[in-house]
Amino acid sequence: MRRFHIALAVADLEASIEDYTRRLGTRPAAVVPRKYALFRTDQLNFSINQMPERAGQLRHLGFEDDAAHGFSSTHDVNGIEWELFSPADQDAKIPEVYGNEVVR
């Protein structure tokens, strides 16, 4: 399966989790309190980071792809970062980046 990935900065993680849970119709697959949340639907891999100074801004785009090997990142002609990773690679990266407070 291949899902489109969008990563946004948000002002308030908890309020954003409530809002996006309603909008996406699913609870987050992973949460790091006060830092990060990841939602997965059939079509979308959507992550949010609490970064009040950048609230509402795009962090990066990409694809979660079952066939991907490793975690890669490139930039397009407009300077937008694009990531490619498998679900397992992303799941392993979350505690590496945010610590072991991951709640699933």
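Student: What volume does the largest pocket have in this predicted model?

Tutor: The largest pocket comes out at about 200 Å³. Among its 15 lining residues, those closest to the centre are His60, Phe71, Glu83, Lys93 and Tyr98.

Student: What makes a residue count as lining?

Tutor: Having an atom within 4 Å of a pocket point. Elements that supply two or more such residues are β4 (44-50), β5, β7 (81-85) and α2 (87-98). The largest share, five residues, is from α2.

Student: How do the lining residues divide into nonpolar, polar and charged?

Tutor: You get six nonpolar, five polar and four charged. Lys93 and Glu83, both listed close to the centre, go in the charged class because Lys and Glu are counted there.

Student: On to Glu64, then. Why is Glu64 called buried?

Tutor: Its relative accessible area is 1%. Buried means under 20%, so Glu64 qualifies. As for its place, Glu64 sits in strand β5 (residues 58-65).

Student: What makes the pairing of the Glu64 and Arg40 side chains a polar contact?

Tutor: The distance is 2.6 Å, and the cut-off for a pair of N or O atoms is 3.5 Å, so it passes on distance. The Asn45 side chain also makes a polar contact with that of Glu64, at 2.8 Å.

Student: Which residues is Glu64 in contact with, leaving aside neighbours within four places in sequence?

Tutor: Arg40 and Asn45 turn up again, along with Met1, Arg2, Arg3, His5, Phe85, Ser86, Pro87 and Gln90.

Note on methods. Residues are numbered from 1 along each chain as its sequence is written. This is a predicted model: local features need pLDDT of at least 70, side-chain atom pairs count only at pLDDT 80 or more; totals for chains, interfaces and linings use all residues. Side-chain values use heavy atoms; hydrogens and water are left out. Helices (H or I, at least four residues) and strands (E, at least two) are DSSP runs, numbered from the N terminus. Buried means under 20% relative accessible area, exposed over 50%, partly exposed in between (1.4 Å probe, protein chains only). A polar contact is a pair of N or O atoms within 3.5 Å; within protein, one must be able to donate a hydrogen and the other to accept it, and residues adjacent in sequence count only if both atoms are side-chain atoms. Contact means heavy atoms within 4.5 Å. On a 1 Å grid over the protein atoms alone, a cavity is a set of points where a 1.4 Å probe fits but cannot get out, and a pocket is an open set with protein on both sides within 12 Å along at least five of seven lines; lining residues have an atom within 4 Å of a point. Grid points are joined across faces, edges and corners, and a volume is the space filled by probe spheres set on the points.
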